[in-house]
Amino acid sequence: MNNILIPEKNMFFLKNYHKSSKLLIPLMLSSYMCNKKSYHITEKFFNSLNIVNIAYHSYVSTSCIITDYVKIKNISRLSRYSSLGLHIFATLGYFNKLCNNNKD
């Protein structure tokens, strides 16, 4: 469980973080182009990839900030659990919105 709470100290998570950062702009542009051309099936696919990519990138970035600036152990642990929970909650919320938007 420590690996997921401190992803910047795990090489697997850190390598994926750097790969995901290279995909941020291309995935956003792909979503934009699919939206403009009304390709609904591929638009949903690219939007889903964007949600996961941005959430992962945000979570690891937030964890790095917690490591750098929060030095009190109890507050750091609480911040990490809160960050993980809120990122999961936000990601699920975006997926819910994505699924419900396409039903209209």
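How many helices and strands does the protein chain have? Colour by secondary structure and count: 4 helices and 0 strands. Keep in mind throughout that this is a predicted model.

**Whole chain.** Start with the cartoon and follow the sequence. The pattern reads α-α-α-α. The trace spans about 50 × 25 × 20 Å.

**Surface and burial.** The protein chain exposes about 7,600 Å². Carbon and sulfur atoms supply 67% of that area. Then colour by burial. Of the 104 residues in the chain, 28% are buried.

**Charges.** Select Lys and Arg, then Asp and Glu. The protein chain carries 13 positive and 4 negative charges.

**The largest pocket.** Finish here. The volume of the largest pocket is about 230 Å³. Its lining takes in 12 residues. Select Ile-6, Lys-73, Ser-76, Arg-77 and Arg-80, the lining residues closest to the pocket centre. Helix 1 (2-5), helix 3 (40-69) and helix 4 (73-101) each give two or more residues to the lining.

Which helix gives the most to this lining? Select helix 4: this helix leads with 5 residues.

How values were computed
Residues are numbered from 1 along each chain as its sequence is written. This is a predicted model: local features need pLDDT of at least 70, side-chain atom pairs count only at pLDDT 80 or more; totals for chains, interfaces and linings use all residues. Side-chain values use heavy atoms; hydrogens and water are left out. Buried means under 20% relative accessible area, exposed over 50%, partly exposed in between (1.4 Å probe, protein chains only). Accessible areas come from the Shrake-Rupley method with a 1.4 Å probe; for residues, only the protein chains shown count as cover. Lys and Arg count as positive and Asp and Glu as negative; His and the chain ends are not counted. The place of a charge is taken as NZ of Lys, CZ of Arg, CG of Asp or CD of Glu. On a 1 Å grid over the protein atoms alone, a cavity is a set of points where a 1.4 Å probe fits but cannot get out, and a pocket is an open set with protein on both sides within 12 Å along at least five of seven lines; lining residues have an atom within 4 Å of a point. Grid points are joined across faces, edges and corners, and a volume is the space filled by probe spheres set on the points.
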